[in-house]
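The structure comes first, and the text follows it.

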Amino acid sequence: MRWINAIKDGLFCGRRGILGACIFYLEALLLSSLALAPLASGLHRVLDEAPTAAPLARGVGVDRLLETAINQPGLWSAGFGNMGVAFLLHLGLALLITAGATGLIARAPEGSPWRAFWREASGLFFPFAGLFLMSLLLLVAVGILPSLLVAGLGKALKESVSPTAFWGVLSGWVIVFLLLLAVFKGATGFTQARRALGGGAEGLGRCFLAGAKFSLKKFVPSFGFTALFLVLRMATFSGFYWAVAPGYGTAGSAFVSALLLQLAFAAQAYIRVAEIAAQVSYLKASGGAYVPPAERAQPPVETPAEPEASPEELVTA
Amino acid sequence: MIKIVPVVAALSLAVSAAAQSPPVLFQTPMSPRNANYTIEASLDAKAHVVKASEKIRWRNIQGIEAKDAYFHLYYNAFANNRSVFITESGGQLRGDQFDRKHWGYCRVTSIAQVVDGKPVPLKQEFPGDDRTVMKVDLAAPVPPGGEAEFEVTFEDQLPKVFARAGFAGDFNMVGQWFPKLGVWQGEKGWNCHPYHANSEFFSDFGVYDVTVTVPKNYVVGSTGVQWDEQVKGDTKTLKLHAEDVHDFGWTASPHFVDKTETYDGVKIRVLMQPMNASQIPRYMEAAKKTIELYAKWIWKYPYPQMTIVDPPADGMGAAGMEYPMLITGGTSPIMPAKMGFPEMVVVHEFGHNYWYGMEANNEFEEAWLDEGINSYYETRIMDEWLGKDDSMVGGFAGWHLGDVSQQRVSYISVPDMDPMVLESWKYASNGTYGAMSYGKSAIVLSTLEGILGREKMDAVMRAFFMEVKFTHPTTADFLRIVSREAGRDMDPVLKPLLYGTGTVDFKVARVKSLSREEVEGYDLTADPPKLAGNDQASKGKGKGADKADKPKADAKDTKADTKADTKGKKSDRVFDSKVIIQRKGELVLPVEVLVTFKDGTTKLEKWDGVGRYVTYKYEGPEVVKVVVDPDGKIPVDLNILNNGWASKADGLPARALTTRFRVVAQGLMVLIANLL
């Protein structure tokens, strides 16, 4: 089946996918580390020579953490001062990397994958930004009614005491959330894949309309992709963090925990790229890719039959 | 005597149900029983109105004749926006917003004093716009030892649940609902304050016989015990009885899941919202633990029953409240097992039955005597039961929070604006009221325990409780009894903490270890004088350093010898060390200081805290670590991070914290990337 093949193509997306995943992962790691460098510096200054800070390593002593906020108010404001800028920067970089990864996977250009990645990224950045914004508008348009439903459910839940009502409403919220997420992820993913596959031949508006129409027409597999990759993300993170992380009580356990968490984030990056690859593969296989007019199959042209030769022409010949 | 009580109560219930008279719960009264109430009430479940009549038998136990009487009408706090409560709170309490579409009131339709067997109507007077206090001039003054009987008819309009009481859907929490006498204090007059936003309650002990009529499908929980029930048509009438209590609250809802267990002779009844039924075991375990540990530390719970009520999501303003023998909890179906908040609420509210319930201090004027002592025992129970570091949050997402830490957080947020002992309406805000009455009070008592030791502290508090129960004690009583039982005057330690806004803060101000210099120059004891030590004059040898010098090799020694000798030389090297501990805070408390030396030995110093600083000097191995209050006996110390010094920096806490925050930032970035 097409969607199973697409998932296989996604999960085994090859070297290009791994390159995209590495760039995704490293960008988030480096940017978050840089943004929090002032916090790290401040905390070292305040805590390194204070043996009474030792419990903080194990996550114990929130009151002592509060002491730093009270006695060193500048530490925390300076420590988090860069976060706003970092997230804005990340928004742009993540979109750039998405463009690069999608272009690399969709077009499989020849030559150095590294160069190809950045070439595709720069070429597709602005179209992808436009497609993302258009998908947001679609989400708002589609999401108004479900949002009212969710708000109504919330009010009903507050006044109810029944456990059936509680779990029913909670399930309702989850389903509405998943549906809207699938609409949004389908729209962004398939329109971006269509653009990457088709190059710049198609206008952005047409590309969005065609891609969004495809994602809604194929809503069931689109929802399936969204749900599957969401489950993979949650399972990866939960598996590493809850089941395996030994905590931060000692230097050794802190190192192992930090390493395991980074492995989880690396896995998340790969899952992102796998999702892109699966959507590209499914779009191609289902005829959702843009086909230039010249290549579209022409209807058969009736050629007039050659007149049969007259008996005289045949005799003369 | 106490062990017999539950059996007697049970038998009494059985007998009384047959004989149509209330049971006897205590053969010997535990309290003065000078304010006794007989109330008949009927709930209109649709309109949320309670119509009732009450008979009050009051005895003057003071030495001065009473010519008037004051009553609390608490529900009038929610009658309009002119009440003291609404004015002070702005219609908000503990994050709950007052619903201005559902005001409430308590209207006294008639009040009379029974004189010579005949009811004489009394005129109602209301001092001021706030009608939460009603005054009547008595038709017949009551001499010392004399009695007065009042007949009152009244009507309550329950507000939408706010500030502990009201309705939410079909749920009704009927607390502070009846006209209740203030406390006659003789020369000081009647103690009957308006209902302030920060305050709670104060009243005299007695026997309560309450009859409530509700729709027959409603489940009722209340103070006291139920000893009779009659169904008639669409309603049912329940008879409820309580002895040696100073308040009576009740609740009614058709939805309660009703579960009862008995533990150590106490019937624990949980009335749970169906949605939260999975949390029943948590409430039960918390109640059992409270019964067990209070019996061990203070006194066995004397009453036959405790009812725990779980308010609905829309009625959380009624959560976390106490009445004699009835408390309200608060939870949700998805409350993680590692978060101990439901347990904490039950332990806290149950504990109130000792302090608010039996000690019964004036919560208007000295809230800490109830809230603070109760919070201290809450931390004791939670930490003993669930672990010192895990009692509130037990490793949820890698974070841990103990109850003492939680109380410290409350205290150190606003440590010096208001004192612990203060009339509740005089606090700067609800925040400082909470920080002082709960947080600081609990921490101060934990500090007292640190100073006296656990065993002595238990003896002191047990003696305090046993002496003051049912007597409306004050802070002065607390100070007197603590000093007496501790065997020394604790006023210099406690009074500044209770009455002042000064803080405690110890700090390791300075640590210096200087390597004792080898002898240089002439040895003048020799004849003729000769150069001592190395032949080489001291060249560029420093006068010492803050940290240990690396051993300097003798010029004649080989490298190998130096290496071999180094160990021996290091261990022999003598340091002159100086440790200065500073008292930065204004308050003087005794404190311990643990000094650790390079060879692993330690020395525990004890400082009485007098003077701005103390200096300790040592000869021997260098000092590598100093910790003030190593066992955490002085949690009232405002800044624990400056209590330590180490020669070797440990970057692990900073690294671990940064990693935690980076994981969150990185996770958010991954989330954003997934959506683009």
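In chain B, the side chains of E155(B) and K51(B) form a salt bridge with an N to O distance of 3.9 Å. The model is predicted. E155(B) belongs to strand β9 (residues 147–157) of chain B and K51(B) to strand β2 (residues 49–59) of chain B, so the pair ties together parts that are 104 residues apart in sequence. The two partners are placed in unlike surroundings. E155(B) has a relative accessibility of 13% and counts as buried because the limit for buried is under 20%. K51(B), at 52% relative accessibility, counts as exposed, since exposed means over 50%.

**Other salt bridges**

A search of the whole structure gives 37 salt bridges over all chains. Four of them, including the one above, are set out here.

| Pair | N to O distance |
|---|---|
| E155(B) and K51(B) | 3.9 Å |
| K288(B) and E285(B) | 3.7 Å |
| K633(B) and E592(B) | 3.2 Å |
| R408(B) and E67(A) | 2.8 Å |

The pair K288(B) and E285(B) lies within one element: both residues are in helix α3 (residues 280–297) of chain B, 3 residues apart, which is about one turn of the helix. K288(B) has a relative accessible area of 16% and is buried. For E285(B) the relative accessible area is 40%, and this residue is partly exposed.

The side chains of K633(B) and E592(B) also meet in a salt bridge, at 3.2 Å from N to O. This pair links distant parts of the chain, 41 residues apart: K633(B) sits in the loop between β34 (623–628) and β35 (644–646) of chain B, and E592(B) in strand β31 (residues 591–597) of chain B. K633(B) is partly exposed, with 28% relative accessible area. E592(B) is buried, at 13% relative accessibility. Elsewhere, E467(B), D477(B), R480(B), R484(B) and E485(B) are joined into one network by salt bridges that share partners.

**Contact between chain A and chain B**

How many residues does each chain bring to the contact? Chain A contributes 74 residues and chain B contributes 58 residues. The area buried between the two chains is about 5700 Å², and carbon and sulfur atoms give 71% of that area. On the side of chain A, the residues that lose the most area to chain B are D63(A), E67(A) and V161(A), which together make up 11% of what that side buries.

Between chain A and chain B there are 3 salt bridges. In one of the salt bridges of the structure, the side chain of E67(A) meets that of R408(B) at 2.8 Å, N to O.

Several helices of chain A give two or more residues to the side that touches chain B, among them α2 (14–35), α3 (37–47), α4 (62–71), α6 (83–107) and α7 (113–158). Helix α4(A) gives the most, with 9 residues. By class, this side of chain A has 46 nonpolar, 17 polar and 11 charged residues.

**The fold of chain A**

Chain A has 12 helices and 0 strands. Its radius of gyration is 27 Å, well over the 20 Å that the globule rule gives for 317 residues, so chain A is more spread out than a compact globule. Along the principal axes, the C-alpha atoms of chain A fill a box of roughly 120 × 55 × 35 Å.

Of the 317 residues of chain A, 45% count as buried. Among contacts in chain A with a separation of 6 or more, 76% come from residues 24 or more positions apart.

**Q279(A) in chain A**

Is Q279(A) buried or exposed? Q279(A) counts as buried, at 5% relative accessibility. This residue is placed in helix α11 of chain A. Leaving out residues up to four places away in sequence, Q279(A) touches K185(A), G186(A), G189(A) and F190(A). A54(A), by contrast, is 48 Å from Q279(A), C-alpha to C-alpha, and 225 residues away in sequence.

Terms used
Residues are numbered from 1 along each chain as its sequence is written. Chains are lettered from A and ligands numbered from 1 in the order in which they are written. This is a predicted model: local features need pLDDT of at least 70, side-chain atom pairs count only at pLDDT 80 or more; totals for chains, interfaces and linings use all residues. Side-chain values use heavy atoms; hydrogens and water are left out. Contact means heavy atoms within 4.5 Å. Buried area is the accessible area (1.4 Å probe) that two parts lose on being put together, summed over both. A salt bridge is a side-chain nitrogen of Lys or Arg within 4 Å of a carboxyl oxygen of Asp or Glu. Helices (H or I, at least four residues) and strands (E, at least two) are DSSP runs, numbered from the N terminus. Ala, Val, Leu, Ile, Met, Phe, Trp, Tyr, Cys and Pro count as nonpolar, Asp, Glu, Lys and Arg as charged, and the others, Gly among them, as polar. The radius of gyration is taken over C-alpha atoms; the globule rule is 2.2 Å times the number of residues to the power 0.38. Buried means under 20% relative accessible area, exposed over 50%, partly exposed in between (1.4 Å probe, protein chains only).
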